[in-house]
Amino acid sequence: MTVWAVIPLVSFLLFAVLAILALRQEDRRVNRVFARFLIASSIWSFTSFMLHYNPFPRYALLWNEILAAALVWTVVSYYHFVRAYNNKRGGLGVYIGYAAVFTVLALALNGYIVEYAYVVDGVLFHELGASGFVLGGISAFFLISATWNLIRRYRSSVDPSDRNRTMYLIFGSVIVIVSSYVTNLTPAISGLSTDHIGNLVNALIISYAITRYQLLNVRFVTRKILAYGILVACLGGIFFGLGIMAQRFVPAEPAYLRVIQGSAVVIFVALVARPLLRIIEDRIYRTFHWGTYQYRRALIDFRDRMSHVIKLDELANEMLDVMTKALHLSQAKLLFQDFGSGVYATKFSYPKTAGNELSDEVKFSADSPIVNWLYRKGEPLTLNSVDTMPEFKGLWELERDQLAASELGLLCPIKSQDRLIAIIALGKKKSDGIYSHEDLELVMSMANQASTIIENAQLYSQAVIRANTDGLTGLYNHRHFHERLDHEIARGSRFGTTFSLIMLDIDLFKAYNDIHGHLAGDEILRRIAICIETSIRSIDIAFRYGGEEFTIILPEARLEDAYKVAERIRKTIAAKTSSKAPPITASLGVANWPIDGVMKEEIISFADAALYRAKQTGRNRTCMSSDVIKPEAPLVSVELEARSRALSIIYALAATVDAKDHYTYGHSKKVSDYAVALAEAMSMSHEKIDIIRAAGLLHDIGKVGIPDSILNKKGTLNDEEWKLIKAHPKLGVEILRHVIDLVNCLPVILHHHERFDGAGYPSGLKGEKIPLEARILAAADAFDAITSPRPYREQLSSQEALDELKRCAGTQFDPKVIEIFSKIISPASEEKLETKRQ
């Protein structure tokens, strides 16, 4: 028996086993039709075995005639199976196909198909004549039709699992077509039985695809096949290459040395196999996901990268950002359950709209069919299938409209210890793409990794909230008030913004407690807290300061605006609690940073003084800090005096800096002039130009605290010395922060050593996150530094300095600023600036 007889024999046995297993499967139409295909394939393989084995040579023609009909039967039954898989009736094509089978069988048995046939050493030699083209045409028609029907199903399906299953069948169909036509159109193998291999592989693929609920991702399988194929080719090349080199360059040696050499080669190949496979798989993965590789890798390694993160907002923002970029999505949201109402609502969203507000908030009630499905199944849900799935017939119309308006494409549960702790809501793919099975696996893998991390972050967040929250009112507590106040002062110093502070005290609260009891007093405190929260903006923050005192921080609110908010709170309290006897009222004091002081103690003191004045003047009213201290001189004279005082301070401090280092004498003045010229060329406002002028004079004031030995050192600075140099912007801010007239200069001075690429100091700001005034000052400072003599290098000419600035544009400096600076710096302009300085 030759190998050409063994191939159809093995195929016959496997087809028979698969047919029996298919008949034992669930009684579905697709299983029954698949069993018929396997029976037809087994008969085709058996007749091919009998023909190539050729136990009775005189019957070779008969077996070849039956083989022709069995081949057509196999192809038609495969087409019938595809129709059943697509949930379609057999149709006219199936009837015509089976009629063709009987026709071919009848014609073959009467000698009209095969003219002659004989077998030599397992190789078939026959002549079909014109009937061969007919058989080929029939087979081609049904195979191509079946493949086209599978492709149409794949393109029309929106279910990633169904698309993955169908892709398996398409691959199997392509394998059949290729193996059949390579076998029959290649003269060297046209008489062999190699086409049975393709049909057997197809049958195995179909069996796997229709009997398994969860399939391996077809792209993953393809990558693995490619990787191992390339690995085998590489290892084979290495093995044979080393063998040839050994024969050519190593003289003849005893047999035992040859064995040792061969063993060494085998060991070497075994050692390089695994690392080589990793490299090959990585390269293939990069090829399959060109452009999104780094984001997909970030999702795969999510747990390792984010396991140390305990802040929920940082974790969520990173997760949504990476998922959006890895999958080419329009948006991504993270929904958490509100423990009060049970509703799953959007807490984090990417991208955010202007003002950092959540866009198109999505909510699901706790008893929503979607929430129940995600909890029970624990797997992603494509929203395209919601309308067709019977589980969602009870979905509220409001939720249907919300889903339609949200432009979402996928929901994925995040479960931990059998609890649904969050829901990932992903937008539709860009360019109207469809989620693939691989996308679902990637999202589910990330969700499984994120569950424990999110739970830990939630526990940390809850602990922080409990530590910062007043247990009675639900407002933030006294400790957190001081933290937030420090934060707002730091933010105002950095960006030149303002904020206001309201202090509130309940009038005659002790008497109310004495009359009605402490339980009633606690209820009043809770109601006051509600009145405050309903009267302020979402960005305002309310605190229980202590006892019956409350505070509210209002970011970016002027004194007049804060007064209006305070009055709204006061009137709300009076209206909501007036039914009590005696009526509950509140007195409020309002202060503003930096008008009333730049230190925390100053702003609190002014707000408290305004509150005290409200109490003293009759209670149930609001007083501003300006009501406490009245100016004794006319406003104009005070403003002029303040400006004069500020200017004197600026020049005195600038002179102190220049006196520290004779090499930099006049540096601050020149930097200020360059920066002002640049600001004027950029048409900035007079207020901004004044800020830049002062910041230019004082940008190096922090060097007052650096030893002269370091400033004048000719050699390279060590790490400790660099640490001192890099600290001078912060030191400068600390020196100037107590001078109210200079408060707007602080962000410019603090950040004038930041780099446009984010590699600067002290904060590592990047791009336009660096204040524009600081970017201007950085260019002016660098230009004067490299055109002035220094102990550690030679000075450059103006043109050489400009060339250096242009070279560093985009990395160290803002390209737009350098472009404008290059236009205003010329010999003529420098003469004008020198004249101004003189």
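1. Helix 12 against helix 15. In this predicted model, L312, L315, M319 and M323 of helix 12 are in contact with M446, A450, I453, I454, A457 and Q458 of helix 15. By class, the residues of this contact are nine nonpolar, one polar and no charged. Helix 12 covers residues 312-326 and helix 15 covers residues 437-468.

2. Geometry of that pair. The axes of helix 12 and helix 15 come within 9 Å and cross at roughly 160 degrees. Angles over 145 degrees count as roughly antiparallel, and the two helices are therefore roughly antiparallel to each other. The crossing of helix 12 and helix 15 is left-handed.

3. Helix 22 against helix 23. Here the axes of helix 22 (residues 667-681) and helix 23 (residues 686-698) come within 7 Å, with a crossing angle of roughly 160 degrees. Helix 22 is therefore roughly antiparallel to helix 23. The crossing of helix 22 and helix 23 is right-handed.

4. Residues of the second contact. Helix 22 contributes S668, K669, V671, S672, A675, V676, A679 and E680, while helix 23 contributes I689, I692, R693, G696 and L697. Seven of the residues in this contact are nonpolar, three are polar and three are charged. The contact of helix 12 with helix 15, by comparison, has no charged residues.

5. Salt bridges in general. Side chains of opposite charge can pair when their charged atoms come close. Over the whole structure, a search finds 30 salt bridges. Three of these pairs are taken up below.

6. R153 and D162. The side chains of R153 and D162 form a salt bridge, with an N to O distance of 2.5 Å. Is this pair buried or exposed? Both R153 and D162 are buried.

7. R484 and E488. A salt bridge joins the side chains of R484 and E488 at 3.5 Å, N to O. The two residues are separated by about one helical turn, because they lie four residues apart in helix 16 (residues 478-495). R484 has a relative accessible area of 23% and is therefore partly exposed. E488, at a relative accessible area of 4%, is buried. The cut-off for buried is under 20% relative accessible area.

8. D505 and K615. The closest N and O atoms of the salt bridge between D505 and K615 are 2.5 Å apart. Which elements does this pair link? D505 is in strand 9 (residues 499-506) and K615 is in helix 20 (residues 600-616), so that the pair links distant parts of the chain, 110 residues apart. D505 is buried, with a relative accessible area of 10%.

9. The chain as a whole. The secondary structure of the protein chain comes to 31 helices and 13 strands. The chain has 838 residues, of which 46% count as buried. Among the contacts with a separation of 6 or more, 66% are between residues 24 or more positions apart.

Key: Residues numbered from 1 in each chain as written. Predicted model: local features only at pLDDT ≥ 70, side-chain atom pairs only at ≥ 80, totals over all residues. Heavy atoms only, no water. Salt bridge = Lys/Arg side-chain N within 4 Å of Asp/Glu carboxyl O. Buried < 20%, exposed > 50% of the residue type's maximum accessible area, 1.4 Å probe, protein only. Axes fitted to C-alpha atoms, helices over the stretch in contact; angles between N-to-C directions. Parallel < 35°, antiparallel > 145°, perpendicular 65-115°, else oblique. Left-handed = near helix turned anticlockwise from the far one by under 90°. Contact = heavy atoms within 4.5 Å. Nonpolar A, V, L, I, M, F, W, Y, C, P; charged D, E, K, R; others polar.
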